[in-house]
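Here's a quick walk through one protein chain, starting with a single residue and then stepping back to the whole fold. Keep the viewer open as you read.

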Amino acid sequence: MKNNSGNIDAAGHVTGRSTYVDDIPVMEGVLFVKVFDSPNAHGKIKSIDFSAAEQMEGIVKIFSCKDVPGENQIGGIIPDEPLLADGEVHFQGQPILLIVAENEDAAEEAIKAIKIDIEPLPVITDPREAFKQGKLLSVSRKFVKGDTGNAFTKCKYIFEGRTESGGQEQLYLETQGAYAYPIEHNSVKIFSSTQGPTQVQRTVARVLGLGMNKVEVDVPRLGGGFGGKEDQASAWGAMAAMTAWILKRPAKCIPHRMEDMRMTGKRNPYSSDYKIGLDEGYNIMAYEATFYQNGGAAADLSPAILERTLFHATNSYHVPNVNVTAHSCKTNLPPNTAFRGFGGPQGMFVIEAAIDHAARSLGIDTTLIQRKNMMDNGDEFPYGQIVTECEAKHCWDEVVNAYDIEAIKKEVNTFNQQNTFHKKGLSMMPVCFGISFTNTMMNQARALVHVYSDGSVGVSTGAVEMGQGVNSKMIQVAAKCFGIAAERIKLESTNTTRVANTSPSAASSTADLNGKALLDACDQIKERLFSFIKTELTGNEEERVEIKEEVVYINDEASVFNWKNLIQQAFIKRINLSAKGHYATPYIYYDKTTEKGHPFAYHVYGTALTIVTVDCIRGTYEIDEVDVVHDFGTSINRDVDLGQCEGGIVQGIGWMTMEEVVYNENGKLLSNALSTYKIPDIYAVPKKINVHFLNTDGSDLAIFKSKAVGEPPLMYGIGAYFAIRNAVLAFNAKASVPYEAPITPEKVLMGLYGN
Ligand code: LUZ
Ligand code: MOS
């Protein structure tokens, strides 16, 4: 890895040497834990008989909710979710029993011998139906700015409609899982595939009735998280830990792909109503929306996701009058959860649909309304934060210029005139995404740095490496601060004993929060070293000291000291070479009673132009090109940032086009394997992705002004939906294509040949 680019993990990944939870050598006597999960989506457990199963060969123990030593509760935000079902089941796939066996095959055989009698209760899968019946997971929320009622009376044009957006399976390459073993003093150590080591620690402590200090969680790295392991890794950690702690043997709990897909929650589907009002100049004067979030059977992170939907309900637009409401609806599906974007994409899809609806009805270009209403510095978000360092128009205009959109529009029109059975469509998708956890408390981080006496450096932070390249960025932060080579620095695993009370690696904020905490730790050590040089080595307090490429410069002149011998000298003189850093994002606050405040450190901006071709005989489509101008600030690692951008775009396109999560009316997941749930493969990705780095400084609240990049690019994928829809309408101008995502080839065909 160079000091300013590349990914430290790349070689390990391509050679198969990177270590994941299931690669950790296990101790002798390791037990395997399998979950017996509910076959019904809603019902009362009348009886359950596992006596025969428990007698089978290789079975060590079967645990039910009665065996949970502490609290049978894993709900993170709201305590509404048992670890093991107690009396009732609320979704298919809900864990009921833990089968502990000497090997996995034995556990699988035993599961077949379990008899359960469940009295069925009514199953709800639709969020609007749940809302009608008053089944809500948390309090509803409403953001209000101005007065929409009054504004609508003055609007020349008003459009109302409804949208649907589907779920999305995180489909991390590595499934959920944990490996745990008992340690002395009644404690337990867990290796977990989690974005939130502290979440796992807290949940295990609660389930075992222990202090958090008796639970150590270690995370080597993840084969992807995408939000699916922000909260939902805790159950698997608790199952492994409970087994290990009670039976005093090591235990592993790692579901297979189909078990993972069946038992874990996904991106929240949304059903939404909108009303948009424009004046005669096409200025958006008022916007109202009601969001019905399909939360599933327990709150999980849905209340926080709901909030972010409202924060991003107006995307990159300045709207003077806004009234948006969101309901988190309780259904009999696995608890839905975080997924890259965290409710933001769901909110943005609705206003983009509303604008498209208006433009189509008025017979004007959608881009005209979009550009005309783009926000700028000094505008106020509906939640009270004032827009600053705004790059919305810059990104948009640079797409228009750099990729020559007028020429592309002409090409598309010419193509559509010359071709009967292939049609092209294009769309512009602006994105404005707020960076910070919306829960102010979570915007804090810590780091621990040891400089060893030989000059090598060990770094621990709360950041979890899940393929996003955060370890590379952390090494860069330490290398840059100390002025030393990246090779000198080792990034340790993420561990709750070394760095406590961590926020999950989420909200695109991991590099900012942990990077700034790390910088604080490195700065402390550097200060001690510099003052040591001035007082002990040169005796001159006034001197200017710097370390560049491992050489110590005094008043801009190279000295006899380099990093290595400086550290040796400092150690001999008993200088403290370790430091703990802390960071808490300044300025941010939020008042939930007024729904106003300044929740975000800064915003990330960008715009994507998407061009597609639809095969009007087969209903299939190809993404020809996605051209992006993205606001990275001053990127510290262009390789990693570009990878995040491309990956986000493809994942967003998958959500909007081919990824279709299907449950039947009994709450059974039908898209339950890789054969029935399709994500973009190498043939489905855009033929070209161009990413243009906007030329800007970036925010001081971003680590070295390198802006957060994890989630914002996902929302460029929304553009694919509208580009495909536009191509369908180019074939059949009377087509009825409801604003329902994903726009699968089936839906395209219905649009092409419907009335
Ligand atoms: N997780 C969370 C998130 O707890 N709060 C957030 O605001 C958030 N945003 C994006 C992704 N995960
Ligand atoms: Mo997330 S959706 O775990 O940042």
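## Starting at a cysteine

Does Cys155 count as buried or exposed? Keep in mind that this is a predicted model. Cys155 comes out as buried, because its relative accessibility is 12% and the cut-off for buried is under 20%.

To find Cys155, look in the loop between α5 (148–154) and β8 (157–165). Skip its neighbours within four places in sequence, and Cys155 is in contact with Gly277, Leu278 and Met285. Met466 is another story: it sits 311 residues from Cys155 in sequence, with 48 Å between the two C-alpha atoms.

## The whole chain

Zooming out, the protein chain carries 19 helices and 30 strands. Its C-alpha atoms fill a box of roughly 80 × 80 × 50 Å along the principal axes.

Buried residues account for 61% of the chain. Take the contacts between residues at least 6 apart in sequence: 80% of them join residues at least 24 apart. As for the surface, the chain exposes about 28500 Å², with carbon and sulfur atoms supplying 51% of that. On the charge side, you have 72 positive and 91 negative side chains, and the centres of the two sets are 1 Å apart.

## A buried threonine

Next stop is Thr696, in the loop between β29 (688–693) and α18 (718–731). Thr696 is buried because its relative accessible area is 16%, and the cut-off is under 20%.

Which residues does Thr696 touch, leaving aside neighbours within four places in sequence? Its contacts are Glu391, Asp631, Gly633 and Thr634. With Asp631, there is also a polar contact of 3.5 Å between the side chains.

Ala741 and Pro742 are joined by a cis peptide bond, with omega at about 5°. Pro742 lies in the loop between β30 (739–741) and α19 (745–753).

Then there are two non-glycine residues with positive phi: His185 at about 65° and Asn555 at about 50°. His185 is in the loop between β9 (178–183) and β10 (187–192), and its relative accessible area of 61% makes it exposed. Asn555 is in the loop between β22 (551–554) and β23 (557–562) and, at 39% relative accessibility, counts as partly exposed.

Note on methods:
Residues are numbered from 1 along each chain as its sequence is written. Chains are lettered from A and ligands numbered from 1 in the order in which they are written. This is a predicted model: local features need pLDDT of at least 70, side-chain atom pairs count only at pLDDT 80 or more; totals for chains, interfaces and linings use all residues. Side-chain values use heavy atoms; hydrogens and water are left out. Helices (H or I, at least four residues) and strands (E, at least two) are DSSP runs, numbered from the N terminus. Buried means under 20% relative accessible area, exposed over 50%, partly exposed in between (1.4 Å probe, protein chains only). Contact means heavy atoms within 4.5 Å. Accessible areas come from the Shrake-Rupley method with a 1.4 Å probe; for residues, only the protein chains shown count as cover. Lys and Arg count as positive and Asp and Glu as negative; His and the chain ends are not counted. The place of a charge is taken as NZ of Lys, CZ of Arg, CG of Asp or CD of Glu. A polar contact is a pair of N or O atoms within 3.5 Å; within protein, one must be able to donate a hydrogen and the other to accept it, and residues adjacent in sequence count only if both atoms are side-chain atoms.
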